[in-house]
Amino acid sequence: MLFFVVETVIKTIVVFGVFLLFCAYLTLAERKILGHIQVRIGPNRVGPWGLLQPIADGLKALFKEEVVPERSDKVLFIIAPMISVSMALCLMAVIPFGDHITLFGKKINLVIANSEIGLLYLFAFASLADYGVVIGGWSSYNKYGLLGGLRAAAQMISYEIALGLSCVGVIMISGSLNLVDIVKAQAGGHWNVIYQPIAFIFYIICALAEINRTPFDMPEAESELACGYNIEYSSMKFSLFFIGEYAHLMIVAAVATTLFLGGWHGPYLPSVVWFLIKTFLIVFFFMWQRGTFPRLRYDRIMMLGWKVLLPLTLANIFVTGLVMVLAR
Amino acid sequence: MAEVRYLTVNMGPQHPATHGVLRLILKLDGETIVGVDPVIGHLHRGVEKLGEVKTYHQNIVFTDRLDYTASMVNNLGYVGAVEKLLGIEVPKRAQYIRVIVAELQRLAAHLLWLATHALDIGAMTVLFYAFREREEVLNILEQLAGARLTFSYMRIGGVAKDLPDNFIQLTKDFLKKFPARIDEYETLLTENIIWLNRTKNVGILTKEDAINYGVSGPVLRGSGIKWDTRKAKPYSSYEEFDFEIPTGTVGDVYDRYLVRLQEMRQSCRIIEQGINNLPEGKIIADEARITYPEKDRVKTDIEALIRQFKLASEGFIPPPGEVFHSVEAPKGELGFYIVSDGSNKPYRLRIRTPSFVNLGAISKMVIGHLVADVIAIIGSIDIVLGEIDR
Amino acid sequence: MLRPYFAIMFLMLISILFAVVTVALSHLLGPKKTTKVKSDPYECGVTTIGPTWERIPIKFYIIAMLFLVFDVEAVFIYPWAVIFKRLSLFGFIEMMIFIIVLFLGLIYVWKKGALKWE
């Protein structure tokens, strides 16, 4: 029992720290990648290749004045970014990021919480993180913020359904909500993306909408809403929204890896490395298309979610079920 | 009857997508626009009034600051009006140089429009691509005028300096690669499904409305009306150039986008013709009381020195009368109306700026659309607040 | 059985602690020069017209209600999907009837125009 507690505590802290570091460096990666897409070089002043940029950004945010608008709902205004970031960071609990390692003769699973309902947990906490955005937009007593928050609310809940339904095919094949079991079921190259290619595409589209990235970055559409829900935020509270957003981005990519791309499975290299490679390929894809696509209009986003993705994901469930019943 | 309450939102003056300090007071029903009220004047500098206290030469500098993305064309419009008032003939070479630089400026202005318009709709990468080419155009113009934005290159009766030695080569090099770059933007945007979604059937301005609101330039041509001052009332030898006027069909944001892209290709054709047929000769008319003498003569010749001094301090005195001259600026028809009372300063200088008139049609285009469309529509009108507020 | 939840609780604790500590730290370290203008809502540099916390358009409520219906549907589908392999044909047909009923609901809502935004 004692060993379990110590193991969990150390594992959690290490993973938390590494994950946070990844989130920080994702900002740099995004700026660098976008820079090279856009015939410029990106940050290169702070440290070699701009490697200290995220740290400088973090420190700068820490020393900035925090402005709380006079007419805002002050309690909610301060709580909102905290909700956003802490819920997004909690998401990593159920992601299996590797097989297992043996330390001091003990087998240590490379997952923080091997939960039987891992997938449900993910969706539940992902929705909680959306609250931060909505509350933040509403509480700042700003029309742009309010519009951004409302858009965020409507968009996120609309795509959550399709996102949840696009994973059902995977659950049907694996017969489990436990992410570790889902990964194990994909051993030997039986990646779910082979059996559920359409669902994978749906998942990626819904995920983009869920984490508010181009072409679905409506809630914070810079050019229309002058930043949207985080318009009134400054200093660390502003940064927290961004850390939350990048954490969400990482998680969404990690879940895609886990559900569809065989998780940590792969030849030769250690399991953790494979997991990271796959995850970052998806993250790279997200950044790449940010450099390519314009932004969809809001009503089209909603239409795509309700009128296209929802029926199609339901159809995907139907086809998957039919094939599985007939193949029996 | 149910009470209807709308949300009133200020868009601008400090807004990333209103292209300057334009303020729009939007009335929203949800996100649908039910009313729009543009508020202008945040950038008012009184250029027209200033024109009444400065000599004809000094006013050239102020025209730079109208549409600061296309100062060459503003110069051209103003000096054209003054030349018309004076009734002087501009040497052929100067006319050709004016056409070349005006079209280069049109390229730069359209590239800036493309960059910001695409950024407004979320295609960030196009911004940097377009700026890469705009940089090259500005480098060429910098060789010529020494400045990159406010050139003040035109003079009454001609241009300030002859083309530098490497100008022709630089321009030719640029023209060689530029059409491929336009193709590159088109690859990113023209058939992009999201771009089509955002621009097709958005902000439609019908033919009748376009005429009734008096819009001009790409906005007018996007609505399907073949009107271009360069063809309709040729100035500066434009009648000797061979080019087409691209037009749209529906009059939506997408048509205006296509028209401008086509215009860039046409501008390339004009520049190429101008360079190939560039006549030899003087670059400024030799009118002793109106045009400046050559700079090296000023240093050796006492008459030239006196002439320079008189022009710089007192200016010249045109005959009394009034004149209107318009040119095709990147944004539309730019007109200068000058009343002379026989003194060395204009009695009245009135500038008909295209952005101001084009902006007037905004309520026609915006109402019934969503907030996101306002951005696309403003971008497609291509306004510059410098010339709206003057 | 409850072991995963201990880990989750612990992670949640660190996450919340992280959020609270950073905000508190920035509160302590940052300068505090509040002025009237600074704490006004930012609306493109001019004072806002009219109240901000107005009635919210009904469309958003409709979306919220639709979300409830279909999210519950998704939650029902999950356990079914987990044991799908054991349910065979009968379970499949049963679930399809359930989905079709809800799908008809979606078509009804669609035709009624609740999904229209303009």
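These exercises work through the chains of a predicted model.

Residues are numbered from 1 along each chain as its sequence is written, and chains are lettered from A in the order in which they are written. Local features need pLDDT of at least 70 and side-chain atom pairs count only at pLDDT 80 or more, while totals for chains, interfaces and linings use all residues.

**Exercise 1. Describe the fold and spread of chain C.**

Step 1. Take the elements. Chain C has 3 helices and 0 strands. The pattern along the sequence is α-α-α. Helices here are DSSP runs of H or I with at least four residues; strands are runs of E with at least two; both are numbered from the N terminus.

Step 2. Chain C has a radius of gyration of 25 Å, well over the 13 Å from the globule rule for 118 residues, so it is more spread out than a compact globule. The radius is taken over C-alpha atoms, and the rule is 2.2 Å times the number of residues to the power 0.38.

Step 3. The C-alpha trace of chain C spans about 70 × 50 × 15 Å along its principal axes.

Step 4. Domain 1 covers 1-31 and domain 2 covers 53-118. These bounds come from an automatic or database domain assignment. The C-alpha centres of the two domains lie 35 Å apart.

**Exercise 2. Characterise the side of chain A that touches chain C.**

Step 1. Count the residues. Chain A puts 66 residues in contact with 59 residues of chain C. Contact means C-beta atoms, placed from the backbone, within 7 Å.

Step 2. Find the main contributor. Helix 5 of chain A gives the largest share, 11 residues.

Step 3. Sort by class. This side of chain A has 42 nonpolar, 12 polar and 12 charged residues. Ala, Val, Leu, Ile, Met, Phe, Trp, Tyr, Cys and Pro count as nonpolar, Asp, Glu, Lys and Arg as charged, and the others, Gly among them, as polar.

**Exercise 3. Do the count for chains A and B.**

Step 1. The contact takes 22 residues from chain A and 26 residues from chain B.

Step 2. On the chain A side, helix 10 (222-225) and helix 13 (298-327) each give two or more residues.

Step 3. By class, that side holds 9 nonpolar, 5 polar and 8 charged residues.

Notes:
Two residues are in contact if their C-beta atoms, placed from the backbone, lie within 7 Å.
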